[in-house]
Every structure is written in C-alpha cells, then in structure tokens.
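Reader: I would like to learn how to read the packing in a structure, one feature at a time. Could you take me through it slowly?

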Amino acid sequence: MDREQILNLYDWAEGRCFRHPSKGVVPTAVVGTVHPRSDGERDIRACADCVVGLEDIRREQAARSGETYQPGHLGRPPSRSVGPGERGASGE
C-alpha cells in the first residue's frame with residue numbers, strides 16, 4: 001500500500017500530534033489510548049507523518065516475526081480470523 005492508501009484507513013480530526021506538539025493543531029488520527037488514574041480515558045493522536053512512520057515499524061515487526069501485516073490498526077487490535085479449534089466472540 002502507498003502512503004495515501006494507508007492514511008485513508010484512518011479517521012482524521014483536528015488535534016495535537018503526541019510526537020510533534022509544537023506543530024499545533026493539525027489533522028490527526030487516534031493511534032492509542034491511555035487511562036490516567038484520575039482522568040478516565042485519553043486518546044493518543046498522531047499526524048500523518050507519524051502514522052506512516054508507525055505503520056512502517058509495524059510492517060517491519062510483522063516481517064521479522066513472520067506475521068501478516070495488516071495496515072490501519074494503530075490504536076486498536078487487528079481483526080483476527082478464528083482458527084481451527086478456537087471459539088469466536090459468539091462462542092461458535
């Protein structure tokens with residue numbers, strides 16, 4: 001996939017990139033979530049350059065581990081097929 005195809009897998013909104021807060025408010029995507037003790041849940045947002053960089057890291061890790069790379073899953077677990085002998089979420 002090229003850069004634009006990867007970026008199109010994400011939902012974008014104005015925010016501050018966790019790696020580049022000095023850029024100010026820019027289009028960002030959620031790439032993770034933190035749960036501060038006294039403050040519920042907070043999204044971690046990244047700019048387009050960081051999303052592409054993080055996806056590059058994921059792709060390289062998948063190649064090293066022999067896993068299938070599935071772009072578009074920063075901030076959420078990738079969907080996974082149920083293997084033989086495993087039960088899906090519905091208990092099937």
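Reader: To begin with a single side chain, does Y10 count as buried or exposed, and why?

Author: Two remarks belong at the start: this is a predicted model, in which local features need pLDDT of at least 70 and side-chain atom pairs count only at pLDDT 80 or more, while totals for chains, interfaces and linings use all residues. Residues are numbered from 1 along each chain as its sequence is written, and side-chain values use heavy atoms, with hydrogens and water left out. Burial is judged from relative accessible area, where buried means under 20%, exposed over 50% and partly exposed in between (1.4 Å probe, protein chains only). Y10 counts as buried because its relative accessibility is 5%.

Reader: Where does Y10 sit, and which residues is Y10 in contact with?

Author: Helices (H or I, at least four residues) and strands (E, at least two) are DSSP runs, numbered from the N terminus, and Y10 falls in the loop between α1 and β1 (13-16). Contact means heavy atoms within 4.5 Å; leaving aside neighbours within four places in sequence, Y10 is in contact with A29, V30, V51, E55, G72, H73 and L74. Although 64 residues separate Y10 from L74 in sequence, their C-alpha atoms are 8.8 Å apart in space.

Reader: What is the largest nonpolar core, and which elements supply it?

Author: A nonpolar core is a set of buried Ala, Val, Leu, Ile, Met, Phe, Trp, Tyr and Cys residues joined through side-chain atoms within 4.5 Å. The largest one here has 14 residues, and those with the most contacts inside it are Y10, V31, A46, V51 and L74. At least two residues each come from α1 (3-7), β2 (25-34) and α2 (48-65), with α2 giving the largest share, 4 residues.

Reader: Which residues of α2 are buried, and what do they pack against?

Author: The buried residues of α2 are C50, V51, V52, L54, E55 and A62, and they pack against α1, β2 and β3 (42-46). Not counting residues up to four places away in sequence, V51 touches L7, Y10, W12, A29, V31, A46 and L74.

Reader: Which side chain forms a polar contact with that of T28?

Author: A polar contact is a pair of N or O atoms within 3.5 Å; within protein, one must be able to donate a hydrogen and the other to accept it, and residues adjacent in sequence count only if both atoms are side-chain atoms. T28, found in strand β2, has its side chain joined to that of R45 by a polar contact of 2.6 Å. T28 counts as buried because its relative accessibility is 0%.
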